[in-house]
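I opened this model to look up its fold, its helix packing and a few loop residues. My notes are below.

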Amino acid sequence: GVAAINLVHQRPDVDPSRLFVYGQSLGGALAIAALAQAGPEKARALIVEGSFASYKEVVRLILDDSWITWLFQYPFAYLFFSDADAPLQHLPQLAEVPLLVIHGQRDETVPLEAGHQIVEAYPGEDVRFWTVPSAGHMQIFSPPGSPWRRELVEYLDAHLPPGDYTSREPPQYSHGGGRTRGAAGVPRIAPRQDAASPVRSP
């Protein structure tokens with residue numbers, strides 16, 4: 001993760017002032033640690049979806065969900081897992097980085113409480129927590145017409161530095177890795193379809 005962030009910053013075709021870090025599930029936990037180690041100034045904002053702050057706690061929450069494993073949740077999670085490099089150890093270094101936490105309320109892989117724990121461990125002021133009532137694990141943007149696609153684009157736009165980006169032609173890449181010229185104009189997001197309104201926690 002650290003190497004990837006540093007590599008992108010070194011590319012001559014990338015504007016480092018417009019970079020965001022986004023991670024899902026375990027990738028979200030790793031993204032928190034990677035950005036803290038690479039340097040908080042290297043991202044406009046950090047977005048994590050369906051993720052967690054503590055390895056011990058996410059294991060405990062999963063075991064807590066079944067009566068078969070409920071009795072063993074604390075000894076198993078706290079004896080066999082370590083939080084030495086958990087996201088909660090790195091979040092204090094990211095207090096100046098805007099944080100967006102997204103979680104499906106029907107997530108059966110990483111329980112919703114794990115998302116709450118990220119927000120609680122984050123010491124900064126610029127934090128948003130979006131909970132999606134009908135979504136499971138990493139299912140927030142997949143349904144066609146999902147209103148959350150536009151919500152995310154608007155969030156990213158709001159955290160970009162001042163400037164006109166709408167006239168820029170996005171580069172496209174061929175399967176062979178060679179750069180090809182993109183179509184004129186910037187693709188537009190489809191109009192929002194009828195769906196549940198976004199639910200945010202303050």
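The entries run from the whole chain down to single residues.

**Entry 1: ground rules**

I am working on a predicted model, where local features need pLDDT of at least 70, side-chain atom pairs count only at pLDDT 80 or more, and totals for chains, interfaces and linings use all residues. Residues are numbered from 1 along each chain as its sequence is written, and side-chain values use heavy atoms, with hydrogens and water left out.

**Entry 2: the chain**

I looked up the elements and found seven helices and seven strands. Helices (H or I, at least four residues) and strands (E, at least two) are DSSP runs, numbered from the N terminus. I read their order from the N terminus as α-β-α-β-α-α-α-β-α-β-α-β-β-β. Then I looked up burial: 39% of the 202 residues count as buried. Buried is under 20% relative accessible area, exposed is over 50%, and partly exposed is in between (1.4 Å probe, protein chains only). For contacts, the cut-off is heavy atoms within 4.5 Å. Among contacts with a separation of 6 or more, 70% join residues 24 or more positions apart.

**Entry 3: α1 on α2**

Two packed helices are described by the angle between their axes and the distance between the axes. Axes are lines fitted to C-alpha atoms, for helices over the stretch in contact, and angles run from 0 to 180 degrees between N-to-C directions. I took α1 (residues 2-10) and α2 (residues 26-38) to begin with: the angle is about 55° and the axes are 8 Å apart. This pair is therefore oblique. Under 35 degrees counts as roughly parallel, over 145 as roughly antiparallel, 65 to 115 as roughly perpendicular, and the rest as oblique. The crossing of α1 past α2 is right-handed. That term means the near helix is turned clockwise from the far one by less than a right angle; anticlockwise is left-handed. From α1, the contact uses Val2, Ile5 and Asn6; from α2, Ala34, Leu35, Gln37 and Ala38. I read the classes of the α1 and α2 contact as five nonpolar, two polar and no charged. Nonpolar covers Ala, Val, Leu, Ile, Met, Phe, Trp, Tyr, Cys and Pro; charged covers Asp, Glu, Lys and Arg; the others, Gly among them, are polar.

**Entry 4: α3 and its partners**

Which residues of α3 are buried? I found Glu57, Val58, Val59, Arg60, Leu61 and Leu63. These buried residues pack against α4 and α6 (112-121).

The axes of α3 and α4 come within 9 Å and cross at roughly 155°. The two helices are therefore roughly antiparallel. In the contact, Lys56, Glu57, Val59, Arg60, Leu63 and Asp64 of α3 meet Gln73, Tyr74, Phe76, Ala77 and Tyr78 of α4. By class I read six nonpolar, one polar and four charged for α3 with α4.

Next came α6. I found α3 and α6 packed at about 155°, axes 9 Å apart. That makes α3 roughly antiparallel to α6. Glu57, Arg60 and Leu61 of α3 make the contact with Glu113, Ala114 and Gln117 of α6. The classes for α3 with α6 are two nonpolar, one polar and three charged.

Ser51 is in the loop between β2 (46-49) and α3 (55-64). Is Ser51 buried or exposed? I read 1% relative accessibility, so Ser51 counts as buried. Beyond its neighbours within four places in sequence, Ser51 has contacts including Ser25, His103, Val110 and Ile118. A polar atom of the Ser51 side chain lies 2.8 Å from the backbone oxygen of Ser25.

Ser25 lies in the loop between β1 (21-24) and α2. I read it as buried, at a relative accessible area of 15%. Its phi is positive, about 55°, although Ser25 is not a glycine. Most residues other than glycine have a negative phi.

I place Met138 in the loop between β4 and α7. Its relative accessible area is 38%, so Met138 is partly exposed. Met138 and Ser51 are 87 residues apart in sequence, yet 9.4 Å apart C-alpha to C-alpha.

Ser146 sits in the loop between β4 (127-132) and α7 (147-158). At 10% relative accessibility, Ser146 counts as buried. Leaving aside neighbours within four places in sequence, I found Ser146 in contact with Ile140 and Phe141.

Key:
A polar contact is a pair of N or O atoms within 3.5 Å; within protein, one must be able to donate a hydrogen and the other to accept it, and residues adjacent in sequence count only if both atoms are side-chain atoms.
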